[in-house]
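Please look through the structure shown here, and follow the paragraphs below as they move from one part to the next.

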Amino acid sequence: MEPLRGAALLLLVAAVCWAQQEQGCTCAKNKRTTSCIGNATDCWCTSVGSQAPVRCDTLTSKCLLMKAEMAGLKKSGRREKPKYAYVDNDGIYDPDCENSGIFKARQCNGTSCWCVNTAGARRTEKSDTDLQCSELVRTSWIIIETKHSERSTAVDASRLKEIIKNEFKERYLLDPKYITDLVYENPYITIELKQNVSQKSTQDVDIADVAYYFEKDVKGDSLIQSGTLQINISEVPLKFDQVLIYYVDEKPPEFSMKRLTAGVIAVIVVVILAIVAGIIVLVITRRRRGKYEKAEAKEMNEMQRELNP
């Protein structure tokens with residue numbers, strides 16, 4: 001009986017050790033995960049808010065990351081979007097994701113629906129729940145505009161380009177061939193990413209995910225366990241102040257005049273009112289001038305009759 005108890009105890013200890021080893025990993029590329037299983041080289045976790053499994057040796061899709069952020073906001077009781085929400089005007093929303101982690105072509109908030117691109121940005125007018133989105137249009141070109149804070153030392157443009165390309169490769173796993181242009185005009189930095197569907201392999205990260213990871217780094221909300229983005233030029237850290245991201249899809253967006261912002265509409269209204277006011281003033285002026293000319297002619301006729309009785 002004792003040998004059986006000893007064997008059972010050994011099996012129990014082995015099972016506990018195995019479980020601890022399997023659940024002891026940390027998701028290096030995504031903080032918003034739970035229930036991790038594996039080890040440092042092969043770690044799988046569950047994405048917060050969706051329960052979708054994610055690999056931790058590559059970037060998590062933007063759709064799952066947004067869903068995880070929304071879950072965190074709801075849990076903490078926050079309802080308003082963060083001060084620096086997503087660059088598109090709609091801000092943060094709770095997206096619907098495919099099983100693969102990509103955005104579903106149609107997104108809804110309960111009362112209205114709209115179509116999005118592969119970056120999750122709205123590309124149509126908002127409509128009712130009968131809206132149909134025939135396809136998920138790919139974002140093949142992303143333009144990232146950022147700027148750095150003031151610094152005492154000058155920035156070597158060629159060195160900056162080299163460091164950013166290397167950092168995007170090491171931190172975001174992006175193949176440098178997808179960085180098609182990088183322009184530096186002190187203090188502004190423009191990074192262009194291009195990746196069409198025929199170029200992207202199953203091993204490549206998506207440029208939309210890369211742009212989102214970079215955006216979160218700049219805004220101080222890093223998704224990567226190893227800490228914030230660190231770029232040093234001439235041994236002096238380069239600190240980013242802000243970031244704007246523009247999306248260019250393989251098909252043009254389907255917006256109408258409704259897309260105009262309130263500011264643009266206000267300018268148009270002011271211009272129209274100014275034109276109308278000018279026309280009214282012109283009409284009134286002409287009428288007064290006409291009356292004056294008629295009165296003046298009448299007075300001249302009376303004077304002539306008095307002079308020539």
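Is lysine 219 buried, partly exposed or exposed? Lysine 219 is partly exposed, having a relative accessible area of 25%, where buried means under 20%, exposed means over 50% and partly exposed lies in between, with a 1.4 Å probe and protein chains only. This is a predicted model, in which local features need pLDDT of at least 70 and side-chain atom pairs count only at pLDDT 80 or more, while totals for chains, interfaces and linings use all residues. Residues are numbered from 1 along each chain as its sequence is written, and side-chain values use heavy atoms, with hydrogens and water left out.

Side chains of opposite charge can pair when their charged atoms come close. Lysine 219 takes part in a salt bridge with glutamate 215, at 2.6 Å from N to O, a salt bridge being a side-chain nitrogen of Lys or Arg within 4 Å of a carboxyl oxygen of Asp or Glu. Glutamate 215, in turn, is buried, with a relative accessible area of 2%.

The structure holds twelve salt bridges, and one of them joins arginine 32 to aspartate 221, whose closest N and O atoms are 2.8 Å apart. Arginine 32 lies in the loop between helix 1 (2–22) and strand 1 (33–38), and aspartate 221 in the loop between helix 4 and strand 9 (232–233), so this pair ties together parts that are 189 residues apart in sequence; helices (H or I, at least four residues) and strands (E, at least two) are DSSP runs, numbered from the N terminus. Arginine 32 counts as buried at 17% relative accessibility, whereas aspartate 221, at 31%, counts as partly exposed. Arg32 and Asp221 also belong to a network of salt bridges that links them with Glu69 and Lys216.

We turn now to the largest pocket. The space in the largest pocket amounts to about 800 Å³; a pocket is an open set of points on a 1 Å grid over the protein atoms alone, where a 1.4 Å probe fits, with protein on both sides within 12 Å along at least five of seven lines, and lining residues have an atom within 4 Å of a point. Its volume is the space filled by probe spheres set on the points, which are joined across faces, edges and corners. Of the 31 residues that line the largest pocket, Leu59, Ser61, Ser100, Lys200 and Asp209 lie nearest its centre. Strand 3 (53–55), helix 2 (62–76) and helix 4 (207–218) each supply at least two residues of this lining.
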